[in-house]
Amino acid sequence: MAIQRVGKVGSPNSSGAFTVKRSAASRVRPLSLNSQNSTETHSAYKGFGALRSTRWQASKKCAKIGRETSNRTLKKRTLSTRIPHKRNQVEFVEVNGEDAASRTDQTPQSEAIKIPRSIEEVDNGSLLGFGDDLAEDHPGYLDEEYKARRVMIGNLGRSHKVGQEIPRLQYTDTEIATWKEILDSLEEFFPRFACKEYLDAYALCDFSKEEVPQLQDMSELLQKQSGWSIRPVAGLLHPRDFLNGLAFKTFHSTQYMRHHSKPMYTPEPDVCHELIGHVPMLLNPQYAQLAHEIGLASLGASEKDIWHLTKVYWYTIEFGVVMQEGEAKAFGAGIISSYGEIQHQGAGKATLQKLDPYSKLPKMSYKDGYQQLYMTLDSFEDGVKLLRNFASSRPKSCA
Ligand SMILES: [Fe+2]
């Protein structure tokens, strides 16, 4: 489905590092091609950083300038932002025992945004990019066999219904070898650079290097430990849907493996990033509560707040560090699942700054190699309180 260019969306920026390419379908190249810090040393995806470059930004831009696009979903979202809405018309919903709308103290904006009442009402098919359509600089771009497998796995995610078992994949020998290589490479860094909660949870996962863990098994483990579930998804989800999923203690996870030619690099989330980076931390109840608070804050949030929450997510769940015994220890999945990023963060050369969700957060840097700024929590307990209070303070725009 073609997407027309809208304004400057899709154009390179002045540094030549802008990464969106639009053609037969929306394709994303989320990383700089000319960065000094070669992104190919990363094993963690940087996909969330591409959000602003893709449909989210296109939607925002279109709402502003009122242009038509041929993307039906984009058009729908664009129109929804133009519907005038009565003040204080708030729908009260119950979310995992918490009254989401009780966190709504005002609805000053004119956007009409529906709050999902259950995880079934959260769309898991609205992808920002990747999916089956790989960009030209994706390691698997020329590999037809790999792309066909991605289509097959993506379709499993698309057809999955909440409550069903997640389909079990027979990973190939090549995929298992990639998983093993990544795990072998990362494990030596965990004791030095990961927070103690991660180390405990990682042991609980008891990952085998001889087989790629099944999402269904990990989901069952999560259910037992923290009450969370995994829902398969075909690619990088729209941020509202992804964040809304957290409100229902559901983590949307990809199931496909990165391309075997570059095991230490992926430009997108893949099953290694999800399993190594996200799943262990979600076993920890306090961390899981932190993610839940971000999700609750996203229910009924305006587009502007969704963008801000995406940054809160970025600086915590993806690239967060927690202070332990005077040192910044990693808990963010983007650090922990990345061979290059975990060493970079552990070297202590990046700036540390205490997380302040009320402040304007720096832009998410996905084009300059490793992160130059990490945001810190004093503890997960403090982080939960901070984000709960922050969520309570946010206005909602509800339909
Ligand atoms: Fe992630």
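Predicted model: local features only at pLDDT ≥ 70, side-chain atom pairs only at ≥ 80, totals over all residues.
Let me begin with the site. The UniProt record, an unreviewed entry, places a "binding site" at His273, His278 and Glu318. These positions are spread over 46 residues of sequence, yet they cluster in space, with a largest C-alpha distance of 10.3 Å.

Where do two of these residues sit? His273 is found in helix H9, which runs over residues 271-282. Glu318 belongs to helix H11, residues 303-318. As for their surroundings, a residue counts as buried if 20 or more other C-beta atoms lie within 10 Å of its own. His273 has 25 such atoms within 10 Å and is therefore buried. Glu318 is also buried, because it has 27 C-beta neighbours inside 10 Å.

I turn now to helix H3, residues 144-159. This helix has 16 residues and reaches 23 Å from its first C-alpha to its last, close to the 22 Å expected at 1.5 Å a residue.

Which residues of H3 are buried? They are Tyr146, Arg150, Ile153, Gly154 and Gly157. These residues cover an arc of only 105° around the axis, so they lie on the same side of H3. An α-helix has 3.6 residues a turn, and therefore residues three or four places apart point the same way.

What does this buried side of H3 pack against? The buried residues of H3 pack against strand E6, residues 229-232. On the other side of H3, the exposed residues are Glu144, Glu145, Ala148, Met152 and Ser159.

Key
Residues numbered from 1 in each chain as written. UniProt positions renumbered as here; feature names shortened; annotations may be inferred. Helix = DSSP H or I, 4+ residues; strand = E, 2+ residues; numbered from the N terminus. Buried ≥ 20, exposed ≤ 12 C-beta atoms within 10 Å, placed from the backbone. Expected span 1.5 Å × (residues − 1). Arc of directions from axis to C-beta. Contact = placed C-beta atoms within 7 Å.
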